[in-house]
Amino acid sequence: MPRSHRESHLVARIGWLRASVLGANDGIVSTASLIIGVAAAAQSPSAIVVTGVAALVAGAMSMAAGEYVSVSSQADTEKADRSKEERELAEDPESELEELTRIYMARGLDRKLASDVAAQFTAKDPLKAHLRDELGLSAHMEARPIQAALASAASFVVGAAFPLMLVLILPRSWLVWGIAAGSILFLALLGVIGARAGGAPVLRATIRVTFWGALAMAITAGVGLLFGAVG
């Protein structure tokens, strides 16, 4: 008799992984970009540190609030769809059974088998069957606002801490290039970690993260140099 086993799929990580990668990436890029811009404008070391700390705190709060509001909106939509399906199942179960049957037929089952499958799923849990097969909603994709907000804020703090740490250890004359180079290395590391956690190709993810991060920092440094020259 074959042994039963429980498979673990990477899609189960999608909720917290997306928020974590986004938060860490934004923490590195936005904080490093601000610090580089301020440093390029020839501001004092104390002003640079204050800028970095302010960017870390404000960014973490902004990411948490943004994720919570965004994912809460998704949760509200899911709740509305769930209520709609519950109402339709209560008012017209025959039509809902036929709808489920047609969904399975569209996926390649013949009429009889599709009807049997729909009947068995409906007998066990009709709402779950419709949410999954009609609307594409599953436990893996369920919106979790608090989880997303905490993951995003925490990862932003971790990401922002890297360029801020470089401010404290690098000489003033090395700040712009040192933070730029260090942040690109941090972004590359984030790309590797995110790719491995999500099962994606490492090289492609690393190039994508570092390219856009480097571009953002270069533009910000250019703006800082411009304002520094004007000042």
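Which helices do the buried residues of α5 pack against? They pack against α2 (45-91), α3 (93-106) and α4 (111-124). Helix α5 itself covers residues 126-133. Its buried residues are L127, A129, H130, L131 and D133. This is a predicted model.

**Overall layout**

The protein chain has 8 helices and 0 strands. From the N terminus on, its elements run α-α-α-α-α-α-α-α. Of its 231 residues, 34% count as buried. The chain exposes about 13800 Å². Carbon and sulfur atoms supply 66% of that area. Among contacts between residues at least 6 apart in sequence, 74% join residues at least 24 apart.

**The core**

The largest nonpolar core has 20 residues. I36, I48, I179 and L187 have the most contacts inside it. Four elements are listed as giving two or more residues to this core: α1 (14-40), α6 (145-169), α7 (175-198) and α8. Helix α1 gives the most, with 8 residues.

Leaving out residues up to four places away in sequence, L187 touches N25, I28, V29, V209, T210, G213, A214 and M217.

**The surface**

A nonpolar patch lies on the surface. L203, I207, F211, W212, L215, I219 and V223 form this patch. Together they have about 740 Å² of accessible area. L203 lies in helix α8, which spans residues 202-230. Is L203 buried or exposed? L203 counts as exposed because its relative accessibility is 63%, above the 50% cut-off.

An α-helix has 3.6 residues a turn, so residues three or four places apart point the same way.

S173 is another exposed residue. It lies in the loop between α6 and α7. S173 counts as exposed because its relative accessible area is 62%, again over 50%. S173 and A39 are 134 residues apart in sequence. In space, their C-alpha atoms are 9.3 Å apart.

| Residue | Location | Relative accessible area |
|---|---|---|
| L203 | helix α8 (residues 202-230) | 63% |
| S173 | loop between α6 and α7 | 62% |

**Back to α8**

Definitions and conventions: Residues are numbered from 1 along each chain as its sequence is written. This is a predicted model: local features need pLDDT of at least 70, side-chain atom pairs count only at pLDDT 80 or more; totals for chains, interfaces and linings use all residues. Side-chain values use heavy atoms; hydrogens and water are left out. Buried means under 20% relative accessible area, exposed over 50%, partly exposed in between (1.4 Å probe, protein chains only). Contact means heavy atoms within 4.5 Å. Patches are made of residues with over 30% relative accessible area and no salt bridge: like charges are joined within 9 Å, nonpolar side chains (Val, Leu, Ile, Met, Phe, Trp, Tyr) within 5 Å. Accessible areas come from the Shrake-Rupley method with a 1.4 Å probe; for residues, only the protein chains shown count as cover. A salt bridge is a side-chain nitrogen of Lys or Arg within 4 Å of a carboxyl oxygen of Asp or Glu. A nonpolar core is a set of buried Ala, Val, Leu, Ile, Met, Phe, Trp, Tyr and Cys residues joined through side-chain atoms within 4.5 Å.
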